There are 2 protein chains.
Amino acid sequence: MEQLVTSDFKLGIIAGGQLGKMLALAASRWDVKTYILDSDDHCPASTVCTRFVEGDYRDFEKVYEFGQQVDMVTFEIENVNVEALRKLKQEGKRIYPDPEVLAMIQDKGVQKQFYLEHGIPSPAFVLCDGREQVIKSIGEGVQFPFVQKARKAGYDGKGVVVVRGEGDLGKLLDVPCVVERAVDIDKELAVIVTRNGRGEMACFSAVEMVFNPEANLVELLVSPAEIDADVQDRAIELARQVTEKSGIQGVLAVELFLDTDGELWVNEAAPRPHNSGHHTIESAITSQYEQHLRAIFNFPLGSTDLKRPAVMMNLLGDREHEGPVRYEGLTESMAIPGVKVHIYGKKETRPFRKMGHVTIVSPTTDEAKKHAVRVRDLLKVKS
Amino acid sequence: MEQLVTSDFKLGIIAGGQLGKMLALAASRWDVKTYILDSDDHCPASTVCTRFVEGDYRDFEKVYEFGQQVDMVTFEIENVNVEALRKLKQEGKRIYPDPEVLAMIQDKGVQKQFYLEHGIPSPAFVLCDGREQVIKSIGEGVQFPFVQKARKAGYDGKGVVVVRGEGDLGKLLDVPCVVERAVDIDKELAVIVTRNGRGEMACFSAVEMVFNPEANLVELLVSPAEIDADVQDRAIELARQVTEKSGIQGVLAVELFLDTDGELWVNEAAPRPHNSGHHTIESAITSQYEQHLRAIFNFPLGSTDLKRPAVMMNLLGDREHEGPVRYEGLTESMAIPGVKVHIYGKKETRPFRKMGHVTIVSPTTDEAKKHAVRVRDLLKVKS
């Protein structure tokens with residue numbers, strides 16, 4: 001097999017946010033050269049990659065040129081210029097996950113069709129061109145409450161509108177969108193599955209995501225999720241189905257709803273390491289970042305066994321603060337047992353910006369949750 | 001407290017081998033800027049630090065200039081120019097561990113005196129100027145078998161000669177040395193202790209080191225050591241004593257002999273992260289690298305609880321090979337559960353050179369050992 005370590009092999013990672021940073025850190029454990037493409041030369045991954053390349057990953061030329069500089073391309077964000085990846089692949093470049101998997105997931109309309117075609121339970125939906133068509137469809141296929149999702153370029157809660165009744169119609173986005181039945185949610189779960197080039201798959205335990213209702217961002221994540229073994233099994237089975245049908249080579253993060261009737265529904269998937277898998281760095285035998293590298297390099301997948309239960313908290317910018325970042329309570333938080341602090345290195349804080357995360361590993365989930373509450377009260381991101 | 005993360009704070013790390021690399025990786029999790037001083041611009045840490053500074057760490061001027069570029073200095077090797085560190089400290093630079101702790105440990109003669117003065121059990125010794133004095137002392141204070149250790153600049157088995165009888169006298173080194181009673185060794189143990197600026201201490205469990213007799217290098221390390229609870233307690237107590245008396249701020253790795261009568265003897269100590277603590281990356285809540293950073297930044301120390309038992313194997317250059325490195329059996333090794341591969345990034349292999357290590361984490365020590373044997377048979381470092 002080709003020697004990927006301590007050699008001239010160059011892994012290109014598109015985008016250099018925290019996920020790119022943590023991928024690059026995992027790669028450096030194996031002495032794999034990493035090239036990062038990002039338009040921000042102070043992005044988190046810029047400090048740990050072998051080479052930083054400045055450029056907009058939505059731009060055909062930038063992505064195409066970047067791909068020509070490296071031996072293999074992967075990505076840590078969905079919003080990449082797929083045409084450039086397609087052309088690179090056609091010319092023989094190794095692109096993992098495949099550009100077609102990315103294209104399917106990038107467009108939430110196409111993604112929903114994919115679930116429908118493969119018999120994967122996902123909330124009923126219609127596709128609309130824009131605001132007007134959404135309003136016209138009410139009563140004809142669309143009922144209150146519903147969720148409007150922009151087909152493209154939504155992330156971190158952006159591009160998603162919850163419409164509970166007529167009073168919310170003013171919030172509608174005027175873009176091509178998926179309009180989806182609002183599920184009566186009991187819990188939101190995520191399962192991270194990895195598939196390598198031989199079709200081998202490995203799953204981490206389902207985790208529970210607790211959202212900040214104001215920012216529509218994950219505030220707290222509990223691993224393993226506190227659900228019945230039967231729900232855990234079904235969630236994993238569903239995530240495996242999505243992964244297998246997608247044919248992905250790499251990590252696929254599958255988000256699911258557990259409704260109040262105990263039914264599971266696939267919400268959406270991301271073809272990359274995911275916020276809901278940060279805790280695997282400390283709590284699992286193999287982190288999602290190492291697992292992604294194993295998959296795209298076509299190594300055997302690593303064990304997904306958990307060493308300890310964990311709670312992960314995103315460290316979000318304070319809603320009142322914007323500007324050069326300042327952290328309060330770091331010392332006090334570090335005194336709490338099992339607290340693992342990750343600071344991404346973003347220079348500027350903004351309301352609800354993901355500036356870092358804290359994973360708390362404990363002998364029991366209850367203890368981890370108790371410690372997490374203390375960290376949440378102590379650790380603040382201000383300016 | 002001063003903000004060390006995402007700021008202009010610069011941590012200088014003297015030497016950029018694997019220990020420097022892993023320190024820099026730990027620092028990057030907190031977005032701390034790292035500067036590395038090393039004469040080899042392809043050293044392992046050069047790929048992950050914020051800034052690489054070329055220079056010989058034994059050279060007064062190089063170390064002094066390096067110290068002036070950073071806000072705090074630490075080191076990952078003993079063989080540093082102490083005079084430069086002393087001058088920097090005098091001028092107000094923060095140097096952790098303190099230059100005086102380094103000076104004490106750097107000279108194995110002074111280190112032995114330190115144990116003697118503080119009533120810490122360490123094998124009886126005499127100090128000699130060179131070969132001739134060693135031979136003269138035989139029968140007068142020195143008995144066969146004994147161990148000759150160069151007072152300065154020994155590492156990785158270099159500078160140590162075991163003399164079992166007259167036939168071994170030809171191997172004696174002609175340098176100032178410690179001549180030490182040879183202990184009848186049952187096991188070799190190591191305990192890593194960390195002490196912060198408030199005098200708080202934290203210990204990892206004692207580990208057992210199994211040596212490669214040919215290279216006098218650790219081949220296999222078992223954590224926790226398979227010893228009675230009483231021996232574990234005594235080893236930790238002894239290591240804590242050494243640490244407390246030394247007054248160190250940072251990590252101190254204390255190597256001990258367990259003799260065939262069940263007695264413990266301090267062999268030597270290293271004021272830095274240590275080969276015998278690599279496994280803490282995956283098996284402990286806090287790694288020795290994060291712990292060292294916590295100590296020198298005067299944060300509260302992290303939990304040293306073990307998440308899983310582990311075996312660590314150094315990945316040594318094959319004795320028959322020298323030249324550009326080539327790894328065999330990586331893919332096969334990664335198929336074994338719990339195998340975590342670390343490749344340092346040294347371009348050239350040499351007989352017994354430390355090129356990487358593998359940590360195997362398993363639910364039981366026995367399982368980890370079983371897997372380690374397979375990895376040892378599969379994974380080869382050739383050229």
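A:Pro97 is located in the loop between β5 (94-95) and α4 (99-106) of chain A, where helices (H or I, at least four residues) and strands (E, at least two) are DSSP runs numbered from the N terminus. In this predicted model, the peptide bond that leads from A:Tyr96 to A:Pro97 is cis. A:Pro224 belongs to the loop between β13 (217-223) and α7 (229-246) of chain A.

| Cis peptide bond | Omega | Loop of chain A |
|---|---|---|
| A:Tyr96 to A:Pro97 | near -5° | between β5 (94-95) and α4 (99-106) |

Another backbone feature concerns A:Thr6, which has a positive phi of about 40° although it is not a glycine. A:Thr6 lies in the segment before β1 (10-14) of chain A.

Residues are numbered from 1 along each chain as its sequence is written, and chains are lettered from A in the order in which they are written. Local features need pLDDT of at least 70, side-chain atom pairs count only at pLDDT 80 or more, and totals for chains, interfaces and linings use all residues, while side-chain values use heavy atoms, with hydrogens and water left out.

**The interface of chains A and B**

Contact (heavy atoms within 4.5 Å) involves 47 residues of chain B and 46 residues of chain A. The buried area, that is, the accessible area (1.4 Å probe) that two parts lose on being put together, summed over both, is about 3900 Å² between the two chains, and carbon and sulfur atoms give 54% of this area. B:Arg29, B:Lys307 and B:Met334 supply 18% of the area that chain B buries against chain A, more than any other three residues.

Between the chains there are two salt bridges, each defined as a side-chain nitrogen of Lys or Arg within 4 Å of a carboxyl oxygen of Asp or Glu. A:Glu290 forms a salt bridge with B:Lys340, their closest N and O atoms being 2.6 Å apart. The side of chain B that touches chain A draws at least two residues from each of α1 (18-29), α8 (280-283), α9 (288-296), β18 (326-328), α10 (330-334) and β19 (339-343).

Helix α1 of chain A (residues 18-29) packs against α1(B) at an angle of about 170°, with the axes 11 Å apart; axes are lines fitted to C-alpha atoms over the stretch in contact, and angles run from 0 to 180 degrees between N-to-C directions. The two helices are therefore roughly antiparallel, a term for angles over 145 degrees. A:Lys21, A:Met22, A:Leu25, A:Ser28 and A:Arg29 meet B:Lys21, B:Met22, B:Leu25, B:Ser28 and B:Arg29 in this contact.

**Salt bridges in the whole structure**

Over all chains, the structure holds 44 salt bridges. In one of them, A:Glu268 pairs with A:Lys108, the closest N and O atoms being 3.5 Å apart. A:Glu268 lies in strand β15 (residues 264-270) and A:Lys108 in helix α5 (residues 108-117) of chain A, so the pair ties together parts that are 160 residues apart in sequence.

Notes
Angles under 35 degrees count as roughly parallel, over 145 as roughly antiparallel, 65 to 115 as roughly perpendicular and the rest as oblique.
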